[in-house]
Amino acid sequence: MYARTAETRSVSRNRLPDNEMLPATAAEIIHDELMLDGNARLNLATFVTTWMEPEARVLMTESFDKNMIDKDEYPQTAELEARCVSMLAHLWHSPDHTHATGCSTTGSSEAAMLGGLALKRRWQHARRAAGKSTDRPNLVMGVNVQVCWEKFANYFEVEPRYVPMSGERFHLDAAEAVAHCDENTIGVVAVLGSTFDGSYEPVAEIAGVLDDLAARGGPDVPVHVDGASGAMIAPFIDPELPWDFRLRRVASINTSGHKYGLVYPGVGWIVWRNEEALPDDLVFKVNYLGGEMPTFALNFSRPGAQVVAQYYNFLRLGRAGYKAVQQACRDVAMYLSGRIAALPQFELVTDGSELPVFAVRLADGVTGYDVFDVSRGLREGGWLVPAYTFPENRTDLAVLRVVVRNSFSRDLADLLLDTLTRTVAQLERDGGRRSGGGMHAFHH
């Protein structure tokens, strides 16, 4: 293998090579380069699924060549997508899940943008019907939202009204949400599972104060729930928590199939309360490859593999299976956070009791090193644990965050603890290694 002509010369990296090579040689060159990547299973920064069952891999391989958008040519793949939408609508207590309004996307970011577009268009229709201006739409959300909402506001010309953190409040609350609303507010984004610390925003309280605002003659502001992670956690292990379509004010919900939906990267979902929540003028009727089909998406052609894999998980696991998986993740998260909290060098910001995600900061007495030094030490042991500062008003707070996903076992948690204790001991022996703190960025 490594004596072949293509392996004994430098690889053409920035332009097409002049000649072809054997398939096995090309594959081996790329395989060897990819060894330089981190181990995905040890990446505790990402929410994205890094393990699936072999049967799911086979189904995905059989479906990579199917174009999801071509529903006339691949009707059964389209049927599986529709079933997934109905299952999610039922899971989230839709008023009529048998006629669910929703679709798959390439991820929760695209799904969130579709939700935002629907909010904007509904607001525009209502304003025009009342003879009012549509010039200055705004969207209220906590500063902790995922960057996709910043992109939405920029791309689709909506003023983002970010509610900053304050003290020990690290996400949006009801009082701040309603205080930032006015007649130009297209909606409030409530996040079920903040990426900064894993905490749930109080969706029911936010909906309640918006109900009161409307009842007092104020604007009638809908809620979009960004359930990128939590919408696939709460239904199974927090079933009594009201956050979904049980709340009349919730107009739409997005989630990420490739996070706690347990599918490899490339699939998200959005479901609207009913047809009225998705303005019909956003839905295109496309004459494509012999049939007319409705589509509402930022992308067009994409593989059906991830949708097939999502349906496999729903069929394979059911409610009981998802509950077992998500509860196991939470149990590991709380075990690990509890063990770290017992170390004198750390204090918990959150403990993993909502999303199986938690954040820790250094104790007040630790001055010789910072969380960025700890993160770098863990990386030397193979673990990817991000360190970052919180946003506006709490940039003084720097944390480490751990995301527990399916396949991160109690045994791996113990191995991480071993590396963490060795890293801290080394830092204290060396007198710390200042790494520049905030110069180490981490993007949510």
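**Figure 1. Val-140 and its bridge partner in β3.** In this predicted model, Val-140 has Arg-161 of β3 as its bridge partner. Strand β2, residues 138-142, and strand β3, residues 159-163, run parallel and are joined by five bridges.

**Figure 2. Glu-157, a residue with positive phi in the loop between α5 and β3.** Although Glu-157 is not a glycine, its phi is positive, at about 55 degrees. The residue is placed in the loop that lies between α5 and β3. Glu-157 has a relative accessible area of 64% and is therefore classed as exposed, since the cut-off for that class is over 50%.

**Figure 3. Leu-262, a residue with positive phi in the loop between β6 and β7.** Leu-262 is not a glycine, yet its phi is positive, with a value of about 75 degrees. Its loop connects β6 (250-256) and β7 (268-272). The relative accessibility of Leu-262 is 7%, so this residue counts as buried.

**Figure 4. Helix α4 and the glycine that follows.** Helix α4 comprises 22 residues, 108-129. From its first C-alpha to its last, α4 reaches 32 Å, close to the 32 Å expected at 1.5 Å a residue. Gly-131 follows α4 and has a positive phi, near 70 degrees.

**Figure 5. The salt bridge between Glu-168 and Arg-361.** The side chains of Glu-168 and Arg-361 meet in a salt bridge with an N to O distance of 3.5 Å. Glu-168 belongs to the loop between β3 and α6 (174-179), whereas Arg-361 belongs to strand β11 (residues 357-362); the pair therefore ties together parts that are 193 residues apart in sequence. Glu-168 is exposed, with a relative accessibility of 55%. Arg-361, in contrast, is buried, with a relative accessible area of 19%.

**Figure 6. The salt bridge between Glu-168 and Arg-394.** Glu-168 also meets the side chain of Arg-394 in a salt bridge, with an N to O distance of 3.4 Å. This pair links distant parts of the chain, 226 residues apart: Glu-168 is in the loop between β3 and α6, and Arg-394 is in the loop between β12 (387-389) and β13 (398-403). Arg-394 counts as buried because its relative accessibility is 10%.

**Figure 7. The salt bridge between Glu-347 and Arg-361.** Arg-361 forms a salt bridge with Glu-347 as well, and the closest N and O atoms of this pair are 3.8 Å apart. Here the linked parts of the chain are strand β10 (residues 346-348), which holds Glu-347, and strand β11, which holds Arg-361; the two residues are 14 residues apart. Glu-347 is partly exposed, with a relative accessible area of 31%.

**Figure 8. The network that contains Glu-168, Glu-347, Arg-361 and Arg-394.** Side chains of opposite charge can pair when their charged atoms come close. Together with Asp-396, the residues Glu-168, Glu-347, Arg-361 and Arg-394 are linked in a network of salt bridges.

Technical notes. Residues are numbered from 1 along each chain as its sequence is written. This is a predicted model: local features need pLDDT of at least 70, side-chain atom pairs count only at pLDDT 80 or more; totals for chains, interfaces and linings use all residues. Side-chain values use heavy atoms; hydrogens and water are left out. Two strands pair if DSSP finds at least two bridges between them. Helices (H or I, at least four residues) and strands (E, at least two) are DSSP runs, numbered from the N terminus. The expected span of a helix is 1.5 Å times one less than its number of residues. Buried means under 20% relative accessible area, exposed over 50%, partly exposed in between (1.4 Å probe, protein chains only). A salt bridge is a side-chain nitrogen of Lys or Arg within 4 Å of a carboxyl oxygen of Asp or Glu.
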